[in-house]
Amino acid sequence: MFEFTMTAEQLKLRDEARDFARSIPREYILDMDADKIKYPKEFLQEAGRRNLIGLRVPQEYGGRGLKWEDDIIALEEICVNGYIFGCTYGVTGDVVTEALVHFGTEEQKKKYLPPICKAEKFAAECLTEPRGGSDFFGSTTIATQDGDDFILNGQKRFIVGGEGCDYFLVYAKSNPEGGPTNSMTCFMVEREMGVKTEYLYGLMGCRGGGTARVVFENVRVPKENVIGTVNGAFPIFYQMMIPERFGTAAMTIGAARPALEIATDYSTKRKAFGKTINQFEGVSFKIAEAVTKLDSCRALMYATAKAVDSGADSALCRRLVSEGKKFVTEQCWDVANLSMQVMGGIGYTDVYPVEKILRDLRLSMIWVGSNEIMSLITQHEWYTERRKELKNLTKRVSEYDSVSAFAEDEKIYE
Ligand SMILES: Cc1cc2nc3c(=O)[nH]c(=O)nc-3n(C[C@H](O)[C@H](O)[C@H](O)COP(=O)(O)OP(=O)(O)OC[C@H]3O[C@@H](n4cnc5c(N)ncnc54)[C@H](O)[C@@H]3O)c2cc1C
């Protein structure tokens, strides 16, 4: 933790989140991993009771009106119990609320935000379909206008909270002839409107989060439940990249941290060749590497939070959250993997939770947009930035700082 960067209020929030995470019994964590708990309502209800859901939601709608710089501190702590705790907590309180806060009408905000923040109701986000997740705009879930309503037909797959949630933020194709910017509409759909879920997935990790197939068969949704404008899901999708990807990255740090702590402690007790294993550089350097990885992740997270909170250019924010999601999730995977190596054979058993942490963390590189898609966005935004820089010529042109820089007959590009 970077305590030295935190204000007194942030330290208090950190401690509140820590206290909340510690209040969850170990049996609850084990029952989720064993799929005995389908969706962690009790965990979320306790978070709601402590007013820890919707930290960035304005206070008038039940949140705390905080910023990303605060939110990521809580996200790290809450995920210490396991990645799926952060997934369910983040989807309802950080992701679905983001769409409502930024694009919802006053009526929608008043109706949906307070019960989500109090954890009287839970929300899920539905983008991925059986036909694919990366090609989001290829959606085959269709919304057909019928008078003042829309009729939704289609299926969404791998939806965290599909089992257990009351509200579904759903993206559907409302203008099949249109392109990415004008073909999709975003809806707030209530389970009572006829949403069916099939609890299908046997997951490698991250169990107990209600990850389900969600089915829409002639689900009638009133037009009052359109978020933003009809055929106007494009800017919502862009905005949502921030809570989906940035939130995920912050959570991942918290989920990986216990592996490092457990391995560190183990290495000071376990002996080989008459010494505790931390006295071998082969071991302690792995710990050093893992510490460095976690700290560099936090540094990138904290800088990105500043960018987003200060209203930096949206393309820059998209690049930072995309590169951050990929970087952090890969570093955290390494942290868990290095920790397992330090533990030797016992790390591969269920005597310690390191194997569970490793199983859980694998998801982080796949969901909310795979890491390949993160690279796709990062390179796209970076090339665009560089083109602008070259046009404005505001920087030194480093290309000419070499002896034969003007050998024009060598600078042949085609
Ligand atoms: C446990 C779990 C929980 C999830 N929770 C949710 C949720 O709550 N809501 C939700 O909507 N979704 C959720 N997802 C879905 C997740 O976001 C998708 O699985 C992910 O976006 C990838 O989509 P896909 O599985 O269809 O893979 P595909 O899109 O089929 O991709 C397959 C592979 O091809 C690569 N690929 C695809 N296109 C490109 C490209 N242009 N360039 C380079 N590589 C490419 C991908 O990176 C990937 O490696 C969840 C998934 C899991 C497993």
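My entries follow in that order.

I noted that residues are numbered from 1 along each chain as its sequence is written. I also noted that the model is predicted, with local features needing pLDDT of at least 70, side-chain atom pairs counting only at pLDDT 80 or more, and totals for chains, interfaces and linings using all residues.

**Ligand.** I looked up the 24 residues around the ligand, and Gly133, Ser134, Phe158, Ser370 and Glu372 come nearest; a residue is near a molecule if its C-beta atom, placed from the backbone, lies within 6 Å of it. Strand 1 (123-126), strand 3 (149-159) and helix 11 (371-392) each give two or more residues to this shell, where helices (H or I, at least four residues) and strands (E, at least two) are DSSP runs numbered from the N terminus.

**Strands.** I then found that strand 3 pairs with strand 7 (residues 212-222) in the antiparallel sense over eight bridges, and pairing requires that DSSP finds at least two bridges between the strands. Lys156 has Val214 of strand 7 as its bridge partner. Strand 7 also pairs with strand 6 (residues 196-198), again antiparallel, over three bridges, and here Glu198 stands opposite Arg213.

**Helix 7.** Last, I checked helix 7 (residues 233-269), and 26 of its 37 residues are buried, which requires 20 or more other C-beta atoms, placed from the backbone, within 10 Å of a residue's own. Helix 7 bends by about 30° at Met240, with Pro243 following within four residues; the bend is the angle between axes fitted to the seven residues ending there and the seven starting there.

Notes:
Buried ≥ 20, exposed ≤ 12 C-beta atoms within 10 Å, placed from the backbone.
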